[in-house]
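This briefing goes with the structure shown below. The notes after it are grouped by topic and can be read next to the 3D view.

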Amino acid sequence: MDRSKAYKYFHALLGELGIRDRKADILSGYGVESTAELTDGQLQGLINALEDEKRRRVAEREAREADIVRRRRSRILRLLTDIGVYYVEPGEPKEACWGRVNRFLSSPRIAGKVLYEMTVEELGRVERLLRSMHNKGYVYRREESAAPAREPSRPVVLVVSPTASGPVN
């Protein structure tokens, strides 16, 4: 890498990491006061260390965001259970349960999209909405289970022959 580009990249990394004010401390570890006094190997070593720190911070942030999404989805499913949307009928496949959840959430009045497509902000908004619905006593109208079709009942004709001894019991 060109030395002037390396200086610019080094300073850009310091800015991205928010440690520009600690540049003097970092350079003092190498016994220099300016980046111009660093050797090419030292400058590349510093850049590599700062890139590693940047990757570590990005990975931590992504893990925190994934944890937030997981927790919000869990709270939403708990609320959906409380209001009667998320339930499993005996013998019902899990896909049917998720289909019901996704149909409910896809309604424009609720979220307008399925659970796994929502952002952190949308999950927070849906959680507030469901909590409000739950607090107001909303109960989901359960769908009628698909019972096997029954044949229509046929009329029964009973023929009784009277006897001479009296009424038939």
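Buried means under 20% relative accessible area, exposed means over 50%, and partly exposed is in between, with a 1.4 Å probe and protein chains only. Helices here are DSSP runs of H or I with at least four residues, strands are runs of E with at least two, and both are numbered from the N terminus. This is a predicted model, in which local features need pLDDT of at least 70 and side-chain atom pairs count only at pLDDT 80 or more, while totals for chains, interfaces and linings use all residues. Residues are numbered from 1 along each chain as its sequence is written, and side-chain values use heavy atoms, with hydrogens and water left out.

**Helix α1**

- Helix α1 covers residues 3–17, and its 15 residues should span 21 Å at 1.5 Å a residue, which agrees with the 21 Å between its end C-alpha atoms. The expected span of a helix is 1.5 Å times one less than its number of residues.
- The buried residues in α1 are Ala6, Phe10, Leu13, Leu14 and Leu17. They line one face of the helix, because they fall within an arc of 100 degrees when seen down the axis of α1. The arc is that of the directions from the helix axis to the C-beta atoms.
- An α-helix has 3.6 residues a turn, so residues three or four places apart point the same way.
- Lys5 and Lys8 are exposed on the other side of α1.
- The cover over the buried residues of α1 includes α2 (23–28) and α3.
- Gly18 follows α1 and has a positive phi, near 75 degrees.

**The loop between α2 and α3**

- Thr35 is found in the loop between α2 and α3. Its relative accessibility is 7%, so Thr35 counts as buried.
- Not counting residues up to four places away in sequence, Thr35 touches Arg3, Tyr7, Phe10, His11, Lys23 and Leu27. Contact means heavy atoms within 4.5 Å.

**Helix α3**

- Helix α3 has 44 residues and reaches 64 Å from its first C-alpha to its last, close to the 64 Å expected at 1.5 Å a residue.
- Among the buried residues in α3 are Leu43, Leu46, Ile47, Leu50 and Val69. Others in the buried set include Ile76, Leu77, Leu79, Leu80 and Ile83.
- The buried residues of α3 pack against α1, α2, α4 and α5.
- Ala59 has its place in helix α3 and is partly exposed, with a relative accessible area of 43%. Ala59 and Thr35 are 24 residues apart along the chain, and their C-alpha atoms are separated by 28 Å.
- Just after α3, Gly84 takes a positive phi of about 95 degrees.

**Where α3 meets α4**

- The two helices α3 and α4 pack at an angle of about 95 degrees, with their axes 12 Å apart. That makes α3 roughly perpendicular to α4.
- Axes are lines fitted to C-alpha atoms, for helices over the stretch in contact, and angles run from 0 to 180 degrees between N-to-C directions. Angles of 65 to 115 degrees count as roughly perpendicular, under 35 as roughly parallel, over 145 as roughly antiparallel and the rest as oblique.
- From α3, Leu77, Leu80 and Ile83 meet Trp98, Val101, Phe104 and Leu105 in α4. By class, this contact has seven nonpolar, no polar and no charged residues.
- Ala, Val, Leu, Ile, Met, Phe, Trp, Tyr, Cys and Pro count as nonpolar, Asp, Glu, Lys and Arg as charged, and the others, Gly among them, as polar.

**Two residues of helix α4**

- Trp98 lies in helix α4 and is partly exposed, with a relative accessible area of 31%.
- Residues up to four places away in sequence not counted, Trp98 touches Leu77, Tyr86 and Leu115. The C-alpha atoms of Trp98 and Val88 are separated by 9.4 Å, with the two residues 10 apart along the chain.
- Asn102 is also found in helix α4, and at 18% relative accessibility Asn102 counts as buried. Leaving aside neighbours within four places in sequence, Asn102 is in contact with Val114, Leu115 and Tyr116.

**Helix α5**

- Helix α5 covers residues 120–135, and its 16 residues should span 22 Å at 1.5 Å a residue, in agreement with end C-alpha atoms 22 Å apart.
- Leu123, Gly124, Val126, Glu127, Leu130 and Met133 are buried in α5. What covers them includes α3 (40–83) and α4 (94–106).
- Arg128 lies in helix α5 and is exposed, with a relative accessible area of 58%. Arg128 and Ile76 are 52 residues apart along the chain, and their C-alpha atoms are separated by 9.2 Å.
- Gly137 follows α5 and has a positive phi, near 90 degrees.
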